[in-house]
Amino acid sequence: MSTKQKGICPFCGNNVAAEIIEENTIRRDRCKCPECGETVFLCRTPGCHDFAKGTQVYDHELCPSCTSTVADA
């Protein structure tokens with residue numbers, strides 16, 4: 001199974017190489033954290049390698065760190 005580069009999972013906070021569970025050429029790849037099993041997506045901030053939360057209702061665009069940086073600005 002293919003994996004993404006290492007980044008921080010927004011659910012468990014561990015530095016993980018998320019497993020790709022659904023490759024997508026137009027949108028972001030759907031991934032799974034190997035530690036907690038939650039759905040994650042690569043953060044959309046250029047240069048950021050952390051992951052954003054994926055939920056049943058909404059897939060977040062930014063990781064928690066980038067979200068707080070935008071909120072502070």
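Gly54 counts as buried, at 8% relative accessibility, where buried means under 20% relative accessible area, exposed over 50% and partly exposed in between, with a 1.4 Å probe and protein chains only. The model is a predicted one, in which local features need pLDDT of at least 70, side-chain atom pairs count only at pLDDT 80 or more, and totals for chains, interfaces and linings use all residues. Residues are numbered from 1 along each chain as its sequence is written, and side-chain values use heavy atoms, with hydrogens and water left out.

Gly54 is located in the loop between S5 and H1. Helices (H or I, at least four residues) and strands (E, at least two) are DSSP runs, numbered from the N terminus. Apart from neighbours within four places in sequence, Gly54 is in contact with Phe11, Thr39, Val40, Phe41 and Asp59, a contact being heavy atoms within 4.5 Å. Gly54 and Glu38 are 16 residues apart along the chain, and 7.7 Å separates their C-alpha atoms.

Thr39, one of the residues that Gly54 contacts, belongs to strand S4. Thr39 is partly exposed, at 23% relative accessibility. With neighbours within four places in sequence left aside, the contacts of Thr39 are Phe11, Arg30, Cys31, Ala52, Lys53 and Gly54. Between Thr39 and Asp50 there are 11 residues in sequence and 13 Å in space, C-alpha to C-alpha.

Gln5 is placed in strand S1 and is partly exposed, with a relative accessibility of 32%. Residues up to four places away in sequence not being counted, Gln5 touches Val16, Ala17, Ala18, Leu42, His49 and Phe51. Val16 is 11 residues from Gln5 in sequence, and the two are 8.0 Å apart in space, C-alpha to C-alpha.

The protein as a whole contains one helix and five strands. Their order along the sequence is β-β-β-β-β-α. For 73 residues, a compact globule would have a radius of gyration near 11 Å, and the value of 11 Å for the protein agrees with this. The radius of gyration is taken over C-alpha atoms, and the globule rule is 2.2 Å times the number of residues to the power 0.38. The C-alpha trace spans about 40 × 25 × 25 Å along its principal axes.

Of the 73 residues in the protein, 27% are buried. Among contacts with a separation of 6 or more, 25% are accounted for by residues 24 or more positions apart. The accessible surface amounts to about 4800 Å², and 48% of this belongs to carbon and sulfur atoms. Accessible areas come from the Shrake-Rupley method with a 1.4 Å probe, and for residues only the protein chains shown count as cover.

The protein has 8 positive and 10 negative charges, whose mean positions are 2 Å apart. Lys and Arg count as positive and Asp and Glu as negative, while His and the chain ends are not counted. The place of a charge is taken as NZ of Lys, CZ of Arg, CG of Asp or CD of Glu.

Side chains of opposite charge can pair when their charged atoms come close. The structure holds four salt bridges, each defined as a side-chain nitrogen of Lys or Arg within 4 Å of a carboxyl oxygen of Asp or Glu. One of them joins Asp29 and Lys4, with 3.0 Å between the closest N and O atoms. Asp29 lies in the loop between strand S2 (15-22) and strand S3 (30-32), and Lys4 lies in strand S1 (residues 3-8), so the pair ties together parts that are 25 residues apart in sequence. Asp29 is buried, its relative accessible area being 13%.

Another salt bridge is formed by the side chains of Glu22 and Arg30, at 3.5 Å from N to O. Glu22 is partly exposed at 35% relative accessibility, and Arg30 is partly exposed with a relative accessible area of 25%.

The side chains of Arg44 and Glu61 also form a salt bridge, at 2.4 Å from N to O. This pair links distant parts of the chain, 17 residues apart: Arg44 is in the loop between strand S4 (39-42) and strand S5 (51-53), and Glu61 is in the loop between S5 and helix H1 (64-72). Arg44 is partly exposed, at 47% relative accessibility, and Glu61 is likewise partly exposed, at 32%.
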